[in-house]
Amino acid sequence: MLRKTLSLATLLAVSTVVQADNPIITDVFTADPAAMVHNDTVYLYTGHDEAPNNDVFFEMHDWLVFSSTDMVNWQAHGPIMKATDFSWAKGDAWASHMVEKDGTFYFYTTVRHKDDKPGFAIGVATSDSPTGPFKDAIGKALVTDDMTKHTPNDWDDIDPAIFIEENGDTYMFFGNLMPKYVKLKDNMLELDGDIKTIDVPNFTEAAWVHKKGDNYYLSYACEFPEKICYAMSKSIHGPWEYKGILNEIAGNSETNHQSVISYKGKDYFIYHTGALPPKNGKPSGGRFRRSVAIDRLHYNDDGSLKRVIMTTE
Ligand code: FUB
């Protein structure tokens, strides 16, 4: 397939088409993919790694969106919002999830709270377009540390993942070290009841829930450096039966973060790696300079998942 020739300036100028091997986008670093299928189009929301090298820590200020109707050609639409667009946040545009309900797009995402005590927190922004712009919908965090004293760190409220049942009941899964979930009210902007913990082994972060047939799947980053593990259940409320590793450590990235979607009759596993080679004198990918990749996901006859085979094209 064709390599991309997309510059950042062009990317930000909207509506650029890129054609992809793995990693699928090579002119900017993209991480924490959150894919949404809407009106026969796949919208891919990503974090945006801007660390100057792989030595210090993440530098992430905004979130990007790309779209495709064939999973090969990706159109860049530019940033949808910045972490500091949440007036109560001081930065760190970490992992997110987008869903649509009744014509409104709800963007749930992780940012660092201005107040050091809550540490990381989850916000929600809305738009009437999948490509934004998005605005803070409630003017405060949806979930902060003081609501979830389940683990001793201030990172435990990160990586939201939304699952909407066929009857409209909506749940948000999230967490670091301890997976948690909570029902959302019909307005999608308030919690509906208590935050509950989930019992699965080796959970690090990056929960994602999807359903195929009668089976619910909870995939998540496990151990560190991270692989992706998964568990299955017959109910959104569990119990979750641990099924093993779905994806190995992705290249030279210590983190791994996945989306699972079905699109046009095929199942896809979307994740990030540190595999982008150096380009135009810029340092290569790595633990703080990640890039989104896509591979096919296959099911066994009993509903369990075959391990994802990572490819470069
Ligand atoms: O991208 C920042 C953080 O790294 C995410 O929130 C985690 O899932 C991990 O990918």
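Author: In the protein chain, 47% of the contacts with a separation of 6 or more join residues 24 or more positions apart, two residues being in contact if their C-beta atoms, placed from the backbone, lie within 7 Å. This is a predicted model, in which local features need pLDDT of at least 70 and side-chain atom pairs count only at pLDDT 80 or more, while totals for chains, interfaces and linings use all residues. Residues are numbered from 1 along each chain as its sequence is written. The protein chain has 1 helix and 21 strands, these being DSSP runs numbered from the N terminus (helices H or I, at least four residues; strands E, at least two).

Most residues other than glycine have a negative phi, and most peptide bonds are trans. Against that background, the bond from G132 to P133 is cis, with omega near 5°, and P133 sits in the loop between β9 (120-127) and β10 (135-136). The bond from G238 to P239 is likewise cis, with omega near 0°, and P239 belongs to the loop between β17 (227-233) and β18 (241-247).

N39, which is not a glycine, has a positive phi of about 50° and lies in the loop between β2 and β3 (41-49). N39 counts as exposed because it has 8 C-beta neighbours inside 10 Å, where the cut-offs are 12 or fewer for exposed, 20 or more for buried, and partly exposed in between, with C-beta atoms placed from the backbone. E223 has a positive phi near 60° in the loop between β16 (215-222) and β17, and with 14 other C-beta atoms within 10 Å E223 is partly exposed.
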